[in-house]
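Subject: Structure handover and findings

Dear colleague,

Please find below the structure that I am handing over to you. My notes on what was found in it follow directly after.

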Amino acid sequence: MPIRERLAIAISDSFLGGSWTADGLLTRAQSVFVQDIQRQWLRELVDRVLMAFPATSARPTQRHLQEYVAAQAVIPKPERVPGTTRFRRRIQSWQSQMQPADGAAMLWSVPALVTIAELAAWFEITVGELEWFANRTGWNTEHSGNVPAKETLGHYRYRWLAKPSGGQRLLETPKPRLKSLQRKILTGILNHVPAHRAAHAFRRGRSVATYLSPHAGQQVVLHIDLREFFPSVHASRVHAAFRTMGYPERIAGLLTGLCTNDTPSAILYSADGQRVDEGTWLRQRAKHLPQGAPTSPALANLCAYKLDCRLEGLARTVSAQYTRYADDLVFSGEFESQKSLARLRILINAIILDEGFEIRHRKTQVMPAGTRQQVAGVRLNVHPNIPREAFDELKAILHNCWRYGPGSQNRTGHPNFRDHLNGRLAYWSSICPVRIVKLQEMFDRIEWTEQ
C-alpha cells in the first residue's frame with residue numbers, strides 16, 4: 001500500500017478516535033506522527049473535514065472518511081514533509097470508545113458498548129448468535145425466483161392486514177427470540193434518547209390528546225398523511241441514529257441489522273400472482289423498519305427528528321402550530337390568504353420529499369373554521385371533542401346494555417366486552433372528560449354478572 005494512502009488511513013482513524021471538534025481532530029492527527037511536523041496543512045484538512053461532516057450530524061463511516069481524506073490535495077507527498085514516512089497507524093483506535101455527536105447526544109445515558117463481545121454479552125448471547133440475528137450477510141433473505149430460500153429459518157412472520165381506508169398493510173412480526181433482543185434495545189437504549197417535541201406517538205406522557213390539543217379552535221387545520229411510514233425509514237437512517245448515539249461503526253451496524261428487515265420477494269405477491277406496486281416493492285425489498293417490531297416506533301421517531309425540526313421551523317415562520325402522530329401530520333393557524341396557505345403546502349411537500357418520505361395526497365385535508373375540523377376521529381372546532389355520531393352510538397350501546405343486558409350488544413363476539421367498552425370510555429375521557437361523565441354513569445349502572 002502506498003505511503004500516502006497509509007497516511008490517509010492513519011489520519012482518518014485518529015479523527016474517529018475522540019471528540020468531533022477542530023482542536024480535538026487536530027491534536028489527534030498530530031499525535032499520529034512520530035516527530036513534530038508543520039501544522040498548516042493539517043489545520044486546513046481539519047477545516048475541510050468539519051465542513052464535509054458537520055458535528056451536528058452523525059459521524060462518517062470509516063470507509064467514507066478514509067476516501068474523503070485520501071482525495072484531499074492539501075495532504076503533501078510524504079517525502080516532502082519530515083517525519084511523515086514514520087507514523088503510528090492507530091494510536092487511538094476508532095473502535096475503542098463511544099463517539100456521540102456533539103451537543104445533546106453527549107448527555108444521553110445509553111450503555112457504552114464498543115466491541116462485538118461486549119454487545120453479545122449485553123444481550124446474553126454468543127457472538128455467533130448475534131451475527132445470526134443481525135443477518136449482516138443477508139443469508140436468510142436470499143431468493144430463487146419468487147420463493148425465499150431457507151424460509152423456515154427467517155426471523156420474521158408475515159401477514160397482510162386490510163386498512164380501514166382501503167388497501168393492505170404488511171405486518172412483519174419478529175419471532176420470539178429476535179423480539180426479545182429488540183425489546184432490550186428498546187428499553188436499554190432507545191428509551192434513553194428523546195424524540196422531537198413535535199412527535200406525540202409511542203412516547204410516555206404523550207397521547208392523541210396532546211397531539212391534537214394545540215390545533216383546537218384554529219382558523220385553518222391542515223392534515224397530511226405519509227405513505228408507508230415505517231418501510232420508508234431505511235437501514236442507512238437507522239445506522240446513522242445509532243452512530244449519533246455514539247456507537248462505533250460495527251456496533252451500529254449490528255444494532256441496525258437487529259432492528260431492520262428486507263421482505264422476501266415471495267411475500268410481495270398476492271395469491272393470484274399479482275405483485276405489489278413499484279413503490280411498495282422498492283420500500284419493502286430494501287432494509288427498512290418492519291411494522292410489527294417493538295423497536296420500530298421509537299426508531300421511526302428518532303429517524304424523523306430532522307423532518308420534525310424542519311417542519312416545526314417552517315410552521316414557526318408563519319405563526320402556525322405543528323405536531324406529528326406517527327405518519328399523521330397536522331398544521332394549524334391563521335393564514336392571510338389562500339395563496340399563503342398554498343405556498344405553505346408547497347414548502348411542506350418539498351421538505352417531506354427531501355427527507356425521504358411520500359405524501360398520501362388523497363388523504364390531505366384542508367379544514368377552515370366553519371366546516372367540520374376532524375382529525376383522528378376527534379372534533380377540533382372549539383376544543384377537542386367526541387363527534388356527535390360517535391357519542392350517540394356509544395350512548396345507545398350503553399343504554400341497551402343496561403336495559404337488555406351486555407350480551408345483546410356484543411354483536412362482534414368480543415371476548416371481554418366490559419373491558420372493551422371501558423377502554424372506549426377511557427379513551428374519550430382523555431380527550432373530553434366533561435362530555436363523558438354522563439356515559440360513565442350509564443356504564444356504572446350496567447349489571448355485568450354475565451357477558
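Over the face of which residue does arginine 445 lie? Arginine 445 is placed over tryptophan 402, at 5.9 Å from the ring centre. Please note that this is a predicted model.

Overall architecture

The protein has 451 residues, and 48% of them count as buried. Its secondary structure consists of 17 helices and 10 strands. Of the contacts between residues at least 6 apart in sequence, 70% join residues at least 24 apart. The accessible surface comes to about 22,400 Å², with 52% of that area belonging to carbon and sulfur atoms.

In soluble globular proteins, nonpolar side chains tend to be buried together. The largest nonpolar core in this model holds 63 residues, and the members that touch the most others are Phe123, Leu190, Phe242, Tyr247 and Ile352. Helix H10, which spans residues 249-259, gives the most to this core, with 6 residues. Leucine 190 is in contact with Ile185, Phe242, Met245, Thr295, Ala298, Leu299 and Leu302, leaving aside neighbours within four places in sequence. There is also a second, separate core of 29 residues, with Val208, Val221, Val330 and Met367 among them.

Aromatic pairs

A search of the whole structure returns 10 aromatic pairs. In one of these, the rings of phenylalanine 229 and phenylalanine 230 have centres 5.7 Å apart and planes at 35°, so the pair is classed as tilted. Both partners are buried: phenylalanine 229 has a relative accessible area of 5%, and phenylalanine 230 has one of 10%. Together with Phe202 and Phe357, Phe229 and Phe230 form one aromatic cluster.

A buried glutamine

Glutamine 409 is located in the loop between helix H15 (388-404) and helix H16 (417-431). Is glutamine 409 buried or exposed? Glutamine 409 counts as buried because its relative accessibility is 9%, which falls under the 20% cut-off. The side chain of glutamine 409 makes a polar contact of 3.3 Å with the side chain of serine 408. Not counting residues up to four places away in sequence, glutamine 409 touches Ile397, Asn400, Cys401 and Phe417.

With kind regards

How values were computed: Residues numbered from 1 in each chain as written. Predicted model: local features only at pLDDT ≥ 70, side-chain atom pairs only at ≥ 80, totals over all residues. Heavy atoms only, no water. Core = buried A, V, L, I, M, F, W, Y, C linked by side-chain atoms within 4.5 Å. Buried < 20%, exposed > 50% of the residue type's maximum accessible area, 1.4 Å probe, protein only. Helix = DSSP H or I, 4+ residues; strand = E, 2+ residues; numbered from the N terminus. Contact = heavy atoms within 4.5 Å. Areas by Shrake-Rupley, 256 points an atom, 1.4 Å probe, with all protein chains shown as cover. Polar contact = N/O pair within 3.5 Å; in protein donor to acceptor, adjacent residues only side chain to side chain. Phe/Tyr/Trp six-rings, centres within 6.5 Å; stacked < 30°, edge-to-face > 60°. Lys NZ or Arg CZ within 6 Å of the ring centre and 35° of its normal.
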